[in-house]
Every structure is written in structure tokens, then in C-alpha cells.
Amino acid sequence: MPRKSIKKRSKNAAAKAPRRTKKDAVLTLLRRKTGATIKELAAATGWQAHSVRGFLSGTVRKKLGLKLSNIRGDNGARRYYLKAAP
């Protein structure tokens with residue numbers, strides 16, 4: 001009977017730098033002074049616009065409980081940003 005291959009963990013697995021997630025990328029953009037548009041967030045994550053809006057609503061606002069604000073710019077694009085904690 002043939003043996004199944006067993007994957008071995010790298011000895012340096014714990015020493016590797018933490019992985020940067022799409023969530024981290026979105027939060028970094030939202031923390032900028034100028035905030036970010038849906039297009040900028042979509043470009044950074046590779047998501048479609050409706051997925052970005054769902055993430056902002058479901059994860060940022062509801063799960064993480066962060067205060068998300070937005071303003072409409074001169075060109076009509078809405079910019080989202082995180083409010084600073086009091």
C-alpha cells in the first residue's frame with residue numbers, strides 16, 4: 001500500500017513576517033487624512049465596488065464597530081474615512 005505524502009512545516013514558519021491582508025489594506029487607506037474612494041479601495045483589494053461597500057458596512061461598521069464617515073468631493077466621488085476616536 002503506498003504511503004501518503006505528509007507536508008512538513010517549514011522550520012522558519014514562525015519567524016516569517018505576518019501576512020498583510022486585504023482588510024489591513026482597506027483600513028490603512030481609510031485611516032489616511034484624505035480617506036479613500038470606492039475605486040481606490042477596489043483597486044487595492046481587487047474587489048468589485050459592491051463587495052467594497054459590503055465590507056465597509058458589514059465588517060468595518062458592524063463587526064469592528066469603527067465609526068466610518070464619508071463626504072462627497074468636488075468631482076462627485078464619495079470619500080470614506082475613519083473618524084478619530086474621542
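This is a predicted model: local features need pLDDT of at least 70, side-chain atom pairs count only at pLDDT 80 or more; totals for chains, interfaces and linings use all residues.
Me: Is the aromatic pair of Trp-47 and Phe-55 stacked, edge-to-face or tilted?
Reply: The ring centres of Trp-47 and Phe-55 are 5.2 Å apart, and their planes make an angle of 50 degrees. Planes under 30 degrees apart count as stacked and those over 60 as edge-to-face, the rest being tilted. At 50 degrees, the pair of Trp-47 and Phe-55 is therefore tilted.

Me: Is Phe-55 buried or exposed?
Reply: A residue counts as buried under 20% relative accessible area. Trp-47, the partner of Phe-55, has 25% relative accessibility and is therefore partly exposed. Phe-55 has a relative accessible area of 12%, so this residue is buried.

Me: Which residue in E3 stands opposite Thr-37?
Reply: Thr-37 lies in strand E1, which covers residues 36-37 and runs antiparallel to strand E3, residues 78-82, with two bridges joining them. Thr-37 is buried, with a relative accessible area of 12%. Leaving aside residues up to four places away in sequence, Thr-37 touches Ala-77, Arg-78 and Arg-79. The residue that stands opposite Thr-37 in E3 is Arg-79.

Me: Which residue is the bridge partner of Leu-68 in E3?
Reply: Strand E2, residues 68-72, runs antiparallel to E3, and five bridges join the two strands. In the hairpin that they form, five residues lie between the strands, and Gly-76 has a positive phi near 90 degrees. The bridge partner of Leu-68 in E3 is Leu-82.

Me: Which residues of helix H1 are buried?
Reply: Helix H1 spans residues 22-30. Its buried residues pack against E1, E2 and E3, as well as helix H2 (38-45) and helix H3 (49-63). In soluble globular proteins, nonpolar side chains tend to be buried together. The buried residues of H1 are Ala-25, Val-26, Leu-27, Leu-29 and Leu-30.

Me: How many residues has the largest nonpolar core?
Reply: Leu-30, Leu-41, Leu-56, Val-60 and Leu-68 have the most contacts inside this core. At least two of its residues come from each of H1, H2, H3 and E3. Not counting residues up to four places away in sequence, Val-60 touches several residues, among them Leu-27, Leu-30, Leu-68 and Leu-82. The number of residues in the largest nonpolar core is 15.

Notes:
Residues are numbered from 1 along each chain as its sequence is written. Side-chain values use heavy atoms; hydrogens and water are left out. Two strands pair if DSSP finds at least two bridges between them. Helices (H or I, at least four residues) and strands (E, at least two) are DSSP runs, numbered from the N terminus. Buried means under 20% relative accessible area, exposed over 50%, partly exposed in between (1.4 Å probe, protein chains only). Contact means heavy atoms within 4.5 Å. Rings of Phe, Tyr and Trp (its six-membered ring) pair if their centres lie within 6.5 Å; planes under 30 degrees apart count as stacked, over 60 as edge-to-face and the rest as tilted. A nonpolar core is a set of buried Ala, Val, Leu, Ile, Met, Phe, Trp, Tyr and Cys residues joined through side-chain atoms within 4.5 Å.
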